[in-house]
Amino acid sequence: MNPRYSDRRRFLKTGVTLGAALAADAGASLAADDAKPAVQPPAPDDPTKVQGKRASAYGERSRFENAVRISQGQSSLTPLQAMTGIITPSALHFERHHAGVPDIDPRRHRLMIHGMVDRPLVLTMDDLKRFPSVSRIYFMECSGNGFRKRGVGTVQEAHGLTSCSEWTGVNLGLLLREAGVQSGATWIVAEGSDAAKMTRSVPIAKAMNDVLLAYGQNGEAIRPEQGYPVRMFVPGWEGNISVKWLRRIKVVDAPYETREETSKYTDLMPTGKARQFTFEMDPKSLITFPSAGQKLQGPGFYEISGLAWSGRGAIRRVEISTDGGRNWKDATLQTPVLPIAYTRFTYGWKWDGSEVVLQSRCTDEHGDTQPVVEALIKARGENWSYHFNAIQSWKVGKDGNVENALG
Amino acid sequence: MWRTPLARVAWFLTFSAMLGMSLPIAAQSPTYGLGRAATPSEIKAWDDAIHPDGRELPPGSGMATEGAKVYAAKCASCHGKTGTEGPNDKLVGGQGTLNTAKPVKTVGSFWPYATTVWDYINRSMPFDKPGSLSPDEVYSVTAYVLSLNKIIREDEVMNAKTLPQVRMPNRDGFIGDPRPDWESPHTRTTEPSKQ
């Protein structure tokens, strides 16, 4: 309920002239987002007195729901403030691509597995779907999420390069065993079918462990922007390594030092040396309600709510501070609490109407706790930009307006 | 007793069964038998990611003088006339800046392997026509970018043998991953298994 708070406020504000006012409101935001005509018929005064719509072939959300991704051309940001539970709808899963979203006919798509294997293979999508399958709920986060925009904007604008889906596919280790990995193999190189032929190296131990070749997302085929018809999904690791539109895996004896693992996705330290192959995503949490851009109606009860995750395992604890980090109290973790997935946390809170700074910090199963931004800068200087997981602060003003107060 | 042929067969079968038990899926034969064998020509056609030792580099060659023409026609509009003007990634300069407050990361100052330059140009560039350059053109543009950075001379020929031997200035500029590297309010309880 709470993540939609600003929409609900809009409802309440419009009062008895609800129908007309809301139609105009929804129309206006549609026009802003999609340049569609603003004309929308009002909802009936009493929906119990008229027949509703007939069944449809492919469902749509209510026309009164308008949370959308913010497109930046080569990426788009998930509206985290509008999410409930832990699953991101596929249509709102963040995007990042380096040469656009390719248009691929699954009947013509081929996956080749070759290199240091006994039996180089070519698989069609039909072949791939005949192997034993698994479904897993995993978050994904771009390792560039959050740093450059720290302290600026809404939770979507500052942190929207993360999402969480149920992914269905084949365990890559099973396919590699099927091809027969030869001794001396230490890495794989994965290549996409986009116009960048995006390529990354993955250590063989990870490739044989929990990597999926995913063709399903949230119960249907994976979306084109997520790698249709098949992507590699590397659980817990930076999003870039989960190569989309996967067409080739070569089993090799060294990392290939591709552009995406040398020039990009490396972190420059003050010494001038750069950290490389920084794969895992660190523990991170965000309060999504109340968050910047939202407004509290007045003193009283609110349920603080948010998301926590760690690339190294399950979330064990989330703490909330309502006084800018001086005192911390445990939030409630909603089940399910899954490894390498979003965990939804909540915390009942009575706002007394004064100016406050809200923060959350999570701890994962290894005992690693999300740091303050100063701790990260102390450890790494200012010239890095990936793997930013600092505690986010939201300032609630006396007027109820919430602002970004990090850094 | 192992000297008779029959006994040898029996021993072999027993030994194979033991191997099979200890290596349930590994090694000898596929479990599912799905898909088909990749042919050598298919593999050759797709096998274009370049190992740092250059083993996949194709025949062909090029020099900076030839690369300058290709660069002017197909690269300069995004990367600038001399590789420094942008608007997209700077390719030239920045050496000696990585440990300063304003590091400039370019091919010359940051990229650790010359093979990566060839590979990235070959697979992803030019942005509006990726994969359209011939191997000779990729060798020559690579040579041009390296020579602009004064890593090779203008008259040096780049090919499958010479390119992997180019030593990039930042070849030793990369280190491992020490995370978690921050001071934490709580004490770490277990050591995550490193993959």
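Helix H3 (residues 64-74) and helix H6 (residues 135-148) of chain B pack with their axes 7 Å apart, at an angle of about 100°. Axes here are lines fitted to C-alpha atoms, for helices over the stretch in contact, with angles running from 0 to 180 degrees between N-to-C directions. H3(B) and H6(B) are therefore roughly perpendicular (65 to 115 degrees). H3(B) contributes B:Ala64, B:Glu66, B:Gly67, B:Ala68, B:Val70 and B:Tyr71 to the contact. From H6(B) come B:Glu137, B:Ser140, B:Val141, B:Ala143, B:Tyr144 and B:Ser147. Contact puts C-beta atoms, placed from the backbone, within 7 Å. The residues of this contact are seven nonpolar, three polar and two charged. Ala, Val, Leu, Ile, Met, Phe, Trp, Tyr, Cys and Pro count as nonpolar, Asp, Glu, Lys and Arg as charged, and the others, Gly among them, as polar.

The model is predicted: local features need pLDDT of at least 70 and side-chain atom pairs 80 or more, while totals for chains, interfaces and linings use all residues. Residues are numbered from 1 along each chain as its sequence is written, and chains are lettered from A and ligands numbered from 1 in the order written.

Now the two chains together. In all, 58 residues of chain A touch 50 residues of chain B. The chain A side divides into 23 nonpolar, 18 polar and 17 charged. Strand E5 (residues 121-124) of chain A pairs antiparallel with strand E1 (residues 36-37) of chain B over two bridges. Pairing takes at least two DSSP bridges. A:Val122 has B:Arg36 as its bridge partner.

Chain A also holds an open, antiparallel sheet of four strands, ordered E16-E17-E21-E20. Its edge strands are E16 (284-289) and E20 (332-333). E16(A) meets E17 (residues 300-309) over five bridges. There, A:Leu286 stands opposite A:Leu307.

Notes
Parallel < 35°, antiparallel > 145°, perpendicular 65-115°, else oblique. Contact = placed C-beta atoms within 7 Å.
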